[in-house]
Amino acid sequence: MTMPTRVLFVCMGNICRSPMAHGVFRHLVRQSGLEDVVTIESAGTHSFHAGECPDRRAQAAAMKRGYDISDLTARKIVDADFDDYDMILAMDWDNLS
């Protein structure tokens with residue numbers, strides 16, 4: 001029996017790195033048949049892009065590699081995320097701090 005796992009990818013604005021990681025990981029989870037067990041989200045440490053789709057360049061780079069991230073929407077990380085997610089993965093040291 002597999003335990004449910006919630007994973008959150010975090011970068012600064014949630015329009016480039018974290019949605020790209022979200023999209024790649026989502027694809028791998030689906031390929032593995034684990035979408036009922038693993039929940040994936042992404043967020044930013046800043047809210048200046050909240051509500052926006054991933055940057056068009058990030059979307060193009062992801063799509064070129066077979067990952068569609070056009071359905072994702074930026075949001076800011078909130079305190080509750082630290083209780084709700086099993087793993088929070090920062091995309092760089094600045095956002096980790």
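Colleague: What share of the contacts in the protein chain with a separation of 6 or more comes from residues 24 or more positions apart?

Modeller: That share is 75%. Bear in mind that we're reading a predicted model here.

Colleague: Fine. How many helices and strands does the protein chain have, and what pattern do they follow along the sequence?

Modeller: You'll find 4 helices and 3 strands. Along the principal axes, the C-alpha atoms fill a box of roughly 40 × 35 × 25 Å.

Colleague: And what percentage of the residues is buried?

Modeller: Buried residues come to 34% of the 97. As for the surface, the chain exposes about 6200 Å², with carbon and sulfur atoms supplying 55% of that.

Colleague: Let's go inside, then. Which residues form the largest nonpolar core?

Modeller: There are 7 of them: V7, F9, A21, V29, V37, V38 and I40. β1 (5-11), α1 (17-31) and β2 (38-44) each supply at least two of its residues. Take V38 as one example: leaving out residues up to four places away in sequence, V38 touches T5, V7, F25 and V29.

Colleague: How should I read α1 itself?

Modeller: Start with the general idea: an α-helix has 3.6 residues a turn, so residues three or four places apart point the same way. Now the case here. The buried residues of α1 are S18, P19, A21, H22, G23, R26 and V29, and they pack against β1 and β2.

Colleague: What does the length of α1 look like against the expected span?

Modeller: α1 has 15 residues and reaches 21 Å from its first C-alpha to its last, close to the 21 Å expected at 1.5 Å a residue. After α1 comes G33, with a positive phi near 70 degrees.

Colleague: Where is H22 placed, and which residues does H22 touch beyond four places away in sequence?

Modeller: H22 sits in helix α1. With residues up to four places away in sequence set aside, H22 touches F9, I40, E41, S42 and L72.

Definitions and conventions:
Residues are numbered from 1 along each chain as its sequence is written. This is a predicted model: local features need pLDDT of at least 70, side-chain atom pairs count only at pLDDT 80 or more; totals for chains, interfaces and linings use all residues. Side-chain values use heavy atoms; hydrogens and water are left out. A nonpolar core is a set of buried Ala, Val, Leu, Ile, Met, Phe, Trp, Tyr and Cys residues joined through side-chain atoms within 4.5 Å. Buried means under 20% relative accessible area, exposed over 50%, partly exposed in between (1.4 Å probe, protein chains only). Contact means heavy atoms within 4.5 Å. The expected span of a helix is 1.5 Å times one less than its number of residues. Accessible areas come from the Shrake-Rupley method with a 1.4 Å probe; for residues, only the protein chains shown count as cover.
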